[in-house]
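Here are my notes on the model you sent over. Have a look at it first, then read on.

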Amino acid sequence: MAVSGFEGFEKRLELRFSTTNNNPMGLRLIDFESLDQVLNEVQCTVVSAVANHSFDAYVLSESSLFVYPTKIIIKTCGTTQLLKSIRPFIHLARTLSLTLRACRYSRGSFIFPKAQPFPYTSFKDEVVIVEESLPNSLRYRKASVMTPSNNNNPSRAWHVFTASADVEPDEPLVVVEVCMTELDRVNARSFFRRKGDGKNSDSAGKEMTRLSGIDTINANAFICDFAFDPCGYSMNGVDGDRYSTIHVTPEDGFSYASFECGLSLYDDGHGDISEVLTRAIDVFRPDCVSVATTYGGEDYSHEVTKRVERMLAKKLGLTCRSRLVDEFPGSGTVVFQSFTPRRQYSSPEGGEQ
Ligand SMILES: C[S@+](CC[C@H](N)C(=O)[O-])C[C@H]1O[C@@H](n2cnc3c(N)ncnc32)[C@H](O)[C@@H]1O
């Protein structure tokens with residue numbers, strides 16, 4: 001851990017592959033020892049795991065890994081070396097006749113940027129490393145730093161790099177990534193272990209899931225949860241082919257929580273996303289929230305992200321201070337929204353609103 005405090009903001013990597021064989025298990029055939037070796041390079045380990053008929057979900061010592069037949073999603077926090085996983089994952093996929101067709105790397109702004117190792121001290125350097133790790137066939141590439149200008153916390157930007165073999169997005173999926181800082185102190189207490197409770201990391205995790213209300217965010221999800229000692233929490237939710245994940249750094253002064261879920265553009269039968277987000281954010285009652293929505297198809301952005309704004313304002317008193325939209329060839333559209341509580345906002349001129 002950095003001397004300053006634990007870096008909660010995750011680095012996130014998504015690798016999507018195409019396959020030339022008909023094995024429906026695809027990347028799920030990668031053996032655990034090989035995955036463990038990749039994670040060793042990244043500097044994290046598996047602490048808990050669950051699988052269903054659609055995918056494998058691993059809780060890591062620093063966040064989460066999801067393995068689908070043709071897709072890997074890995075997010076890691078702290079001072080981990082996430083980008084060291086790109087080459088070995090591409091290599092392991094190749095042994096199973098899978099070829100990389102798209103890559104997306106994203107992260108927020110670190111709370112302790114100076115504590116990061118190279119290349120994570122500069123997004124430009126991170127992009128160079130990602131680009132060097134990718135095959136030339138992924139020729140549609142773009143890097144962008146989405147920086148809110150009228151926000152009272154301008155240091156919170158969203159960094160995105162994408163690369164794709166095709167100019168059209170390859171899947172009609174939506175990914176929603178929520179980053180929360182300055183968590184409500186009372187709510188954050190749920191993520192500290194009680195001394196002498198006689199519980200292990202799994203049973204303490206279950207208790208945190210229930211006491212915090214995380215179990216009500218998606219009642220259909222099977223939850224694989226883990227409590228760190230003396231504090232901290234991670235969970236993966238598994239609901240059919242949908243994943244969700246929450247990570248919590250509850251320490252005062254650098255508190256942070258993230259919520260992420262994947263859903264389909266066309267079949268949103270798993271609950272209105274604005275309601276799901278409201279329930280997730282309500283667990284933490286943070287003073288600073290960002291929501292990055294990435295979608296591959298058309299006609300999603302406006303209506304749904306506006307609905308999120310209306311719902312967060314009505315139910316949680318959060319006002320959207322900034323809304324940025326950017327397009328990525330072959331990787332869809334990203335909408336980045338920043339919210340703070342209505343009562344807190346100082347206008348750029350310094351007056352209270
Ligand atoms: C891994 S978890 C969740 C990570 C996630 N990115 C986040 O910050 O929300 C991080 C929390 O667990 C605590 N923690 C305790 N032991 C840890 C360990 N061995 N590895 C990582 N975090 C640990 C940290 O102090 C922090 O509060």
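1. Ground rules first. This is a predicted model, where local features need pLDDT of at least 70, side-chain atom pairs count only at pLDDT 80 or more, and totals for chains, interfaces and linings use all residues. Residue numbers start from 1 along each chain as its sequence is written.

2. The annotated site. An unreviewed UniProt entry puts "active site" on S63, C77, S234 and H247; such annotations may be inferred rather than shown by experiment, and the positions follow the numbering used here, with feature names shortened. These residues are spread over 185 residues of sequence, yet they cluster in space, with a largest C-alpha distance of 11.4 Å.

3. C77. You'll find C77 in the loop between strand 5 (71-76) and helix 2 (86-95). Helices (H or I, at least four residues) and strands (E, at least two) are DSSP runs, numbered from the N terminus. C77 is buried because 26 other C-beta atoms lie within 10 Å; the cut-off is 20 or more for buried, 12 or fewer for exposed and partly exposed in between, with C-beta atoms placed from the backbone. Leaving out residues up to four places away in sequence, C77 touches E7, G8, F9, E10, E62, S63 and H247, where contact means C-beta atoms, placed from the backbone, within 7 Å.

4. S234. This one sits in strand 11 (residues 233-239) and counts as buried, with 26 C-beta neighbours inside 10 Å. Among the contacts of S234 are S63 and H247, again not counting residues up to four places away in sequence.

5. Helix 1. Which residues of helix 1 (residues 32-42) are buried? They are L35, V38, L39 and V42. They cover an arc of only 100 degrees around the axis, so they are on the same side of helix 1; the arc is taken over directions from the helix axis to the C-beta atoms. E33, D36, Q37 and N40 are exposed on the other side. The cover over the buried residues includes strand 2 (46-51), strand 3 (56-60), strand 5 and helix 2.

6. Eight strands make an open sheet in the order 10-11-12-13-9-14-16-15, with antiparallel pairing; strands pair if DSSP finds at least two bridges between them. Strand 10 (222-227) and strand 15 (318-328) stand at the edges with a single partner strand each, so one side of each has no neighbour in the sheet. Further in, strand 14 (residues 288-295) and strand 16 (residues 332-341) pair over 7 bridges, and A292 stands opposite F336 in strand 16.

How values were computed: Contact = placed C-beta atoms within 7 Å.
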